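Subject: Structure handover

Dear colleague,

Here is the model for your files. My notes on it follow below.

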Amino acid sequence: MVMNEDYNEHEEEFEAVEEGEVIHDIVPVSGMYENWFLEYASYVILERAVPSLEDGLKPVQRRILHSMKEKDDGRYNKVANIIGHTMQYHPHGDAAIGEAIVHLGQKDLLIDMQGNWGDIRTGDRAAAARYIEARLSKFANHVLFNPKLTTWQLSYDGRNNEPINLPVKFPLLLAQGVDGIAVGLATKIMPHNFIELVDASIKILKGRKPKVYPDFPTGGIADFSNYNDGLKGGKVRVRAIIEVIDKKTLAVRQIPFTTTTTSIIESILKANDAGKIKVRQVIDNTAQDVEILITLPNGVSPDVTIGALYAFTNCEVSISPNACVIVEDKPQFLGVSEILRLCTKNTISLLTRELEIERDALKEKLLFASLEQIFIQEEMYIDFKFYDNKEKLFVYLEKRFEPFKEQFYREITEEDYERLTRIPMIRITRFDNDVANDKMRGLQDSLKETEHHLANIIDYAIAYFQEIKEKFGKGKERKTEIATFENISATAVAASNAKLYVNKKEGFIGTGLKKDEFVCECSDIDDIIAFRSDGRFVVTKIADKTFVGKNILHVGVFKKKDERMVYNTIYLDGNTEITMAKRFQVLSVARDKEYEFIKTHKKSKVMYFSANPNGEAETLTFSLSPACSAKNKVFDYTFADLLIKNKGALGNRVTKYPVKKVQFKEAGFSTLSGLKLWYDKTIGRLNTEDMGELLGEFNNDDTILVVYDTGEYELTGYDLTNRYDAKRIVLIEKFDPNTVVSVAYYDGGNKRHYVKRFQIETTSLNKKFLFITDHSASRLEVVSTLKDPRIAVTYRTKARGGEKLDVAYSIVALIGVKGWKVLGNRIPHDYVSTVKLQDPLPEEEIEEAKVIETTETKTEEVQETPPPSPKPDENSSLEDMF
């Protein structure tokens with residue numbers, strides 16, 4: 001259609017060219033297209049997709065809010081009516097307006113909603129516009145509107161005025177967040193926490209440089225390590241909060257931003273169908289709170305499954321910010337810190353202009369009040385009858401006011417005289433000078449206060465933000481937990497959804513060789529390592545059937561950088577005809593590339609090979625050839641004496657004589673040092689990268705002792721896939737069966753404080769045992785595994801108003817070692833307020849402290865307790881009490 005119009009427009013020019021006239025202003029079609037595209041791109045960027053920095057709104061959002069303000073009478077309006085009213089300002093139809101108002105409402109900040117507005121957690125859509133209602137929130141009315149500060153422009157059809165920007169006195173852009181895709185440009189600013197933005201603005205006003213991070217309405221856990229201040233190139237990782245209900249059930253309690261419960265469930269089922277995870281059932285119980293129950297099959301670890309959910313489903317997503325805003329009619333990429341600074345600066349400017357307007361209004365009120373008082377007191381109105389027109393009357397008034405002009409802040413105008421002449425006679429006759437003076441003093445006080453605020457605008461702005469926080473901050477606490485995530489290895493958490501087989505003679509490996517030798521269970525994303533008798537090995541991706549070379553010695557799942565896996569081999573060096581032994585590791589290789597682990601020669605051959613997951617060193621029996629000249633033709637050889645080297649090392653010499661056979665004699669122990677493990681409390685995970693608290697070196701059947709603030713303990717293995725509830729842990733360490741656990745706790749039933757000491761007698765792993773009473777008010781005060789832990793006790797001599805005293809005790813002096821179910825001994829004070837663990841004594845002072853306390857302090861064995869609880873003694877158990 002546009003092309004036809006342009007053709008008609010230039011039709012005369014084309015005819016003139018045909019007649020031989022010279023035309024110099026013909027526009028090529030390519031030039032027209034370039035201009036049209038740039039105009040369209042600019043329009044989309046400025047008028048549709050990218051928000052303004054000044055008020056944080058896109059044009060459609062600004063027009064919606066302006067329309068709602070025009071219709072605002074305190075009552076709800078049908079959204080359909082709001083859409084219709086907005087269409088006189090917005091040229092893009094009712095669908096775009098309806099979608100925008102729903103999105104604004106779901107942010108739960110500017111619009112007070114009534115009806116079914118949908119649910120961002122489940123993805124449910126809002127009801128039709130005719131069924132839902134809305135009005136401006138109190139917050140919106142407080143911070144968005146002031147006609148005196150608003151710059152106006154004509155609407156698209158010229159019939160109405162609309163605001164260019166709203167005078168928003170708040171960092172609304174960061175509070176709401178925004179997404180927009182324009183032509184060749186996009187913006188993505190994540191929502192931030194209301195209270196944190198207010199606090200950050202106050203810090204900026206005080207000259208500090210705060211850091212703010214997004215806060216998502218769906219909650220979850222987020223890692224902002226690579227946030228990059230919201231600029232392009234940053235990345236935010238967001239995870240669902242997943243709880244372990246029992247060994248067979250997980251519950252998703254909060255979901256990542258940009259996902260819904262529906263998309264979470266679909267991704268779980270997809271991963272299950274692909275064999276990445278194993279789940280039996282997924283149930284969506286979401287109502288007021290999110291709850292997705294995941295039932296696991298028998299034998300599937302909840303901890304591993306949680307890691308797999310983060311690795312293979314939408315339970316973890318990455319969001320890339322790209323903060324782009326309109327500044328002075330141009331798109332600019334600004335960091336969140338800069339946006340916040342500019343928004344705070346804009347708020348100061350708006351508050352200053354508001355105060356200036358208020359100051360000028362007060363001056364005008366004070367001026368007219370003074371004029372009115374003088375006018376009435378001087379009885380200027382009496383002589384009005386002598387003047388038959390306004391000009392003469394105004395000249396008369398000007399002469400009468402001449403002596404008083406110095407007390408006015410500006411010249412008196414004819415408009416002022418006009419107002420004076422219109423004062424009703426009843427007001428003049430009832431004029432009270434004292435009332436007028438009081439009114440003027442009130443105006444003067446207000447004027448002084450306003451001028452004080454202008455002179456101290458920073459303090460005024462701080463008070464303004466504090467007022468906003470007090471009025472509107474309730475219920476807007478942070479929903480998204482800030483944490484640092486570990487990188488989850490997909491191969492470590494992937495479910496074993498395949499079986500690996502091998503045909504050693506023919507040289508084939510794969511999951512489809514079901515008639516051949518079974519190797520192990522694995523996942524379909526694992527790498528497989530295969531060693532051959534010719535002294536070569538290769539690492540390849542698992543497949544249905546892969547040829548890796550004939551005469552395979554060993555096949556297994558390859559774990560990159562696994563320093564615990566050690567390969568032991570005996571081989572004949574073809575060059576020297578000497579039998580060699582070596583131990584080596586394969587830490588990192590290129591996939592599908594062959595490597596040598598012995599020096600290849602046509603006479604070289606591998607005589608023995610073993611793979612040892614924990615660096616074990618076995619013992620072998622060598623039988624030499626009967627014809628050789630060796631004195632000992634049968635001898636034992638152990639790998640324990642060999643150092644572990646790389647795959648290219650030659651190894652150590654075993655014998656120069658011909659070997660008839662090599663036989664396995666007995667298994668050995670690991671020659672590797674214990675696996676050093678650290679516990680990182682920020683993420684609740686174990687690691688080997690020196691992050692967090694060192695737990696110690698672990699071997700074989702070693703376990704970890706975990707004590708929770710609920711008064712429970714648990715023994716766990718030291719698998720790196722273990723997950724711990726870091727918020728509830730009060731003690732975590734390598735478990736020593738000889739360790740004595742010392743405890744001080746409050747018994748909610750007896751309403752007394754107790755101490756107890758016990759050793760861990762249970763052996764079950766991943767099972768929690770309660771070692772304090774199970775009363776709802778019972779709580780753990782102190783737990784320690786020190787040899788002689790000391791506690792500081794604060795108590796009063798009477799229930800109320802008694803003297804407050806502090807005393808220290810050695811728990812060792814108060815009670816001996818008992819069973820873990822024993823109630824314990826009561827701390828010998830009635831009104832105990834706090835019990836805290838003291839710093840440990842130096843070793844030389846411990847024995848002296850024990851002697852002093854055992855001679856001066858009598859341990860009170862509990863014989864009486866208040867009803868309704870039974871009367872326990874020192875050896876009472878928890879079962880006896882309840």
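How many bridges join S1 to strand S3 (residues 133–136)? Two bridges do, and the two strands run antiparallel. Lys 78 stands opposite Glu 133 in S3.

Before the rest, the basis of these notes. This is a predicted model, in which local features need pLDDT of at least 70 and side-chain atom pairs count only at pLDDT 80 or more, while totals for chains, interfaces and linings use all residues. Residues are numbered from 1 along each chain as its sequence is written, and side-chain values use heavy atoms, with hydrogens and water left out. Helices (H or I, at least four residues) and strands (E, at least two) are DSSP runs, numbered from the N terminus. Two strands are taken as paired if DSSP finds at least two bridges between them.

Sheets and hairpin

S1 and S3 belong to an open sheet of three strands in the order S1-S3-S2, with antiparallel pairing. Its edge strands are S1 (77–78) and S2 (111–114), each of which pairs on one side only.

Another open sheet has four strands, ordered S20-S18-S19-S23, and its pairing is antiparallel too. Strands S20 (517–522) and S23 (546–547) are at the edges with a single partner strand each, so one side of each has no neighbour in the sheet. Two bridges hold strand S19 (residues 508–510) and S23 in the antiparallel sense, and Phe 508 has Phe 547 in S23 as its bridge partner.

Strand S4 (residues 151–154) and strand S5 (residues 161–165) pair antiparallel over four bridges. One of the pairings sets Trp 152 against Pro 163 in S5. S4 and S5 form a hairpin with six residues between them, and Gly 158 in the turn has a positive phi of about 75°.

Helix packing

For the angles below, axes are lines fitted to C-alpha atoms, for helices over the stretch in contact, and angles run from 0 to 180 degrees between N-to-C directions. Contact means heavy atoms within 4.5 Å. Angles under 35 degrees count as roughly parallel, over 145 as roughly antiparallel, 65 to 115 as roughly perpendicular and the rest as oblique.

H4 lies across S1, S2 and S3, at about 85° to S3. Helix H4 (residues 59–71) also packs on helix H5 (residues 79–86), at an angle of about 110° and with the axes 9 Å apart. H4 and H5 are therefore roughly perpendicular. Their crossing is right-handed (left-handed if the near helix is turned anticlockwise from the far one by less than a right angle, right-handed if clockwise). On the H4 side the contact is made by Arg 63, Ile 64, Ser 67, Met 68, Glu 70 and Lys 71, and on the H5 side by Asn 81, Ile 82, His 85 and Thr 86. These residues divide into three nonpolar, four polar and three charged. Ala, Val, Leu, Ile, Met, Phe, Trp, Tyr, Cys and Pro count as nonpolar, Asp, Glu, Lys and Arg as charged, and the others, Gly among them, as polar.

H4 packs on helix H6 (residues 94–106) as well, at about 80° with the axes 10 Å apart, and H4 and H6 are therefore roughly perpendicular. Here Val 60, Gln 61, Ile 64, Leu 65 and Met 68 of H4 meet Ala 96, Ile 97, Ala 100, Ile 101 and Leu 104 of H6. This contact has nine nonpolar residues, one polar and no charged.

Helix H12 (residues 336–377) and helix H16 (residues 433–455) have axes that come within 9 Å and cross at roughly 160°, which makes H12 roughly antiparallel to H16. The crossing of H12 past H16 is left-handed. The contact residues divide into nine nonpolar, 10 polar and six charged.

Salt bridges

The whole structure contains 40 salt bridges (a side-chain nitrogen of Lys or Arg within 4 Å of a carboxyl oxygen of Asp or Glu). One of them joins Arg 253 and Glu 243, whose closest N and O atoms are 3.2 Å apart. Arg 253 lies in strand S11 (residues 249–254) and Glu 243 in strand S10 (residues 241–246), so the pair ties together parts 10 residues apart in sequence.

Regards
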